[in-house]
Amino acid sequence: MMSFFFTTVGFYLCTMLTVLTVYIFLYGRAYLALSGVGATIRERAILLDDTALSAALNAQFLFQIGVFTAVPMVLGFILEQGFLQAIVSFITMQFQLCTVFFTFSLGTRTHYFGRTILHGGARYQATGRGFVVKHIKFSENYRLYSRSHFVKAMEVILLLVVYLAYGNDEAGAVSYILLTVSSWFLAVSWLFAPYLFNPAGFEWQKVVEDFKEWTNWLFYRGGIGVKGAESWEAWWEEELSHIRTLSGRIMETILSLRFFIFQYGIVYKLKLQGSDTSFAVYGWSWVAFAMIIVLFKVFTFSQKISVNFQLLLRFIQGLSLLMALAGIIVAVVLTPLSVTDIFACVLAFIPTGWGILSIACAWKPVLKRMGMWKSIRSLARLYDALMGMLIFLPVALCSWFPFVSTFQTRMMFNQAFSRGLEISLILAGDNPNSGL
């Protein structure tokens, strides 16, 4: 009952449990899919005609704990407006995408409440109280919500893709949609809500300007006195400042171990290894991952030395790329390795790299003494660049269609303000910095 009141700790505990429930459900599904336990149980249920077990396996995940957080609001509407008017108000809120907004705020509360429990450091964050209508740049939204929402949304999507690829053979598309629709909604809301509720977020001129500003921020090197709003390196250092204690480093390491589950499960699903379930298969996957890391180091090695060595370095990089592509083609032609296996390896190695990166960030002082911190920083920049592009591409695609921007403006503002805003954008012409 304490979760019904926003001013108590119980509400924040309830929101954190809501998100943890989604993670537990998806990791459980991924385990059933990758281990083969789910398929075995389903086969036994069919052979034994166990309808109760089949119903339990196909239980829909539509009613989550998060549904109950809306109960106080609905009850308040009923008491203040009556039953019918409350229903109308609730439906109107859905058309205004209030569910997307509050799902996003759910992630904000969960992230900072959980991080404070692990590391401490709670403090008041001044947000202002003014009525501000202005366009927020892509890089600023990325800085604000990258670690609290985007990374977690990508993890949820990765789990959903793994379950789709390896755990939904018999159930069919309808069952998969019913089981995962709420999780997909959660992930999409966490990824795109900041841009959906961003004024002029789908104006093509502003999107182009945002992309230029984001790339400048991403590749600008930090230094003494450089703030996180100016440089990715400075921002990344600021994001790691909350990890200060030994217990916090140990907890971050333990939590990061979950990312290695993907590689361990997926490598045994490859056609290349067949029915071999020995531990050597997992060991060889680490050899392949080490080769990828070596290639990454070759392509990111660009120290300022003589011009002659730079030419030799470019030759080595080009030769390495050609040899890697030739090796993949030969492996596909002469071995059981398939193109599907290559995509599966990407699906396995991406979370492994992020797990290594997360553990390295937790033990930053040790890595600095070992002289490996620059390599870790290069890897982190690569991950942020890829994640930023995955988020930016749908935003840019939507900005190609003028009706998307019109719909967004009408959704966010009343009719009179929307009309005035559209006129001001027309008068602004080609200047992306005019108006908002």
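So, S189: buried, with a relative accessible area of 3%. Buried here means under 20% relative accessible area, with a 1.4 Å probe and protein chains only. S189 sits in helix α9, residues 173-196; helices are DSSP runs of H or I, at least four residues, numbered from the N terminus. Leaving aside residues up to four places away in sequence, S189 touches V100, T103, F104 and P194, where contact means heavy atoms within 4.5 Å.

Quick caveats. This is a predicted model, so local features need pLDDT of at least 70 and side-chain atom pairs pLDDT 80 or more, while totals for chains, interfaces and linings use all residues. Numbering runs from 1 along each chain as its sequence is written, and side-chain values use heavy atoms, without hydrogens or water.

Next, a helix pair. Helix α1, residues 9-35, packs on helix α7, residues 98-119, at about 105 degrees, with the axes 9 Å apart. That makes α1 roughly perpendicular to α7, a label for angles of 65 to 115 degrees. The axes are lines fitted to C-alpha atoms over the stretch in contact, and angles run from 0 to 180 degrees between N-to-C directions.

Who meets whom? On the α1 side there are V9, F11, Y12, L13, T15, M16, T18 and V19, and on the α7 side L106, R109, T110, F113, G114 and I117.

Zooming out, the chain has 20 helices and 0 strands. Of its 436 residues, 38% count as buried. And among contacts between residues at least 6 apart in sequence, 75% join residues at least 24 apart.

Conventions. Helices (H or I, at least four residues) and strands (E, at least two) are DSSP runs, numbered from the N terminus. Angles under 35 degrees count as roughly parallel, over 145 as roughly antiparallel, 65 to 115 as roughly perpendicular and the rest as oblique. Buried means under 20% relative accessible area, exposed over 50%, partly exposed in between (1.4 Å probe, protein chains only).
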